Amino acid sequence: MFTRRQTLGLFGAAAATTILPQVRSANAAATTLRIGWQKFGVLPLAKAAGALEKRLEAKGVRVEWNEFTSGPPLLEAVGAGALDFGVSGDVPPLFAQAAGGDLLYVGAYRGPAAFHGLLVQKDSPIQKLEDLKGKKVAYKRGSSAHNFALKVLAKAGLSLSDITEVDLPPPDAGAAFKTGSIDAWAIWDPFFAVAEADSHTRVLTTSEGLLDNWGYFLGNGAFTNANPEVIVDVIDELAKVGAAAQVNLDDTVKALAQITGVPADITRVTLTRSQADLGKVSLVPDAALTYQQALADDFYKLKIVPKQLTISDIVWHPKAS
């Protein structure tokens, strides 16, 4: 059994402060690729294996890694030129684009159907989604959990005005959930799987059937346009790493557990959820673009993002060689 103390340890480790490199000009050929990563998906596996370092060595490009606990600050760094490449769920790119960040969608991946979970305490009086009315619901505003929470409320016939929103990143939300200062918590893997394994936690619902769990790789615009071959190599290599990882899940579970500190049995849960496939990495497909535009339209109608966004304006398409 994964103890509550160990759970807090994971959150604490993930909350470590990242010291970013300074913003630089990206108009010349790169000698360094600065990546922002989170502890899920294929990027941690590529980092552990040194796959991108090996792939880019012939181009004279070295790799720097910067860890984040959520997408919003990661993409703020990408948009500002403090990072060159990063990974995020579906919502953070909307806020980054609305803020005028210099960033481009350069790739996409498809997450598991139940990548998100809405959690309550086991003895909570909340038994159905409609019981969320008047309750404190925590999630990181601007993260993929924000979208998930909205979909949950809509399914229950509720809106944001029916709950008290509590904007917390995963480490703080995890602590608040354990002390009972929030009533429900919308969160993604691996935080979801860790909390789900706690005997004091009950899963009210998951994202399965509520939304398509698209995630994205984004590049700084100036860097991407100056170094298109580097970005193509990175997306291609990540697809290869993911496909290899999917073929041998036993080794992948061990490797990812070592990287994240999440026990192997819980890591296996995250990798075997419905529709999970680490190899689903590609340039941005039409289905992902359509999904993201619909999400942008919804968030604008709800007045969550301040302006109408055209996603295709910042989708990168490499030129044919």
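Biologist: What volume does the second largest cavity have?

Modeller: This is a predicted model, so to speak of local features needs pLDDT of at least 70, side-chain atom pairs count only at pLDDT 80 or more, and totals for chains, interfaces and linings use all residues. Residues are numbered from 1 along each chain as its sequence is written, and side-chain values use heavy atoms, with hydrogens and water left out. A cavity is a set of points on a 1 Å grid over the protein atoms alone where a 1.4 Å probe fits but cannot get out; grid points are joined across faces, edges and corners, and volume is the space filled by probe spheres set on the points. For the second largest cavity that volume is about 70 Å³.

Biologist: How many charged residues are in the lining of the second largest cavity?

Modeller: Lining residues have an atom within 4 Å of a point. Among them here are Gln38, Phe40, Ser70, Pro92, Ser143 and Trp188. Ala, Val, Leu, Ile, Met, Phe, Trp, Tyr, Cys and Pro count as nonpolar, Asp, Glu, Lys and Arg as charged, and the others, Gly among them, as polar. The lining divides into 4 nonpolar and 6 polar residues, and the number charged is none.

Biologist: Ser143 is in that lining. Which backbone oxygen does its side chain reach?

Modeller: Ser143 sits in the loop between strand E6 (136-139) and helix H6 (144-155). Helices (H or I, at least four residues) and strands (E, at least two) are DSSP runs, numbered from the N terminus. At 2.6 Å, the side chain of Ser143 reaches the backbone oxygen of Lys140.

Biologist: Why does Ser143 count as buried?

Modeller: Contact means heavy atoms within 4.5 Å. Leaving out residues up to four places away in sequence, Ser143 touches Pro72, Val91, Pro92 and Trp188. Buried means under 20% relative accessible area, exposed over 50%, partly exposed in between (1.4 Å probe, protein chains only). Ser143 counts as buried because its relative accessibility is 2%.

Biologist: Which element gives the most to the lining of the largest cavity?

Modeller: The structure holds 4 cavities of 30 Å³ or more, and about 350 Å³ of space lies in the largest. Of its 25 lining residues, Phe40, Gly41, Pro112, Phe115 and Leu278 lie nearest the centre. Helix H2 (42-49), strand E4 (103-110), helix H11 (249-260) and H12 each give two or more residues. The most, 3 residues, come from H12.

Biologist: Is Thr252 buried or exposed?

Modeller: Thr252 is placed in helix H11. Beyond residues up to four places away in sequence, Thr252 touches Leu45, Ala245, Leu271 and Leu278. Its relative accessibility is 6%, so Thr252 counts as buried.

Biologist: Now the open space. Which element gives the largest share of the lining of the largest pocket?

Modeller: A pocket is an open set of points with protein on both sides within 12 Å along at least five of seven lines. The largest has a volume of about 250 Å³. Of its 11 lining residues, the closest to the centre are Pro228, Glu229, Trp316, Pro318 and Lys319. Helix H9 (221-226) and helix H10 (228-247) each give two or more residues, and the largest share, 3 residues, comes from H10.

Biologist: Which peptide bond is cis, with omega near 5°?

Modeller: Look at the loop between strand E8 (184-188) and helix H8 (191-196), where Pro190 lies. The cis bond runs from Asp189 to Pro190.

Biologist: Lys303 has a positive phi in a residue other than glycine. Is Lys303 buried or exposed?

Modeller: Lys303 is found in the segment after helix H13 (286-301). Its phi is near 65°. With 75% relative accessibility, Lys303 counts as exposed.

Biologist: How many of the 10 residues of helix H7 are buried?

Modeller: Helix H7 spans residues 170-179 and is mostly covered. Its buried residues include Pro170, Ala173, Phe177 and Lys178. Gly180, with a positive phi near 80°, follows H7. The buried count for H7 is 7.

Key:
Polar contact = N/O pair within 3.5 Å; in protein donor to acceptor, adjacent residues only side chain to side chain.
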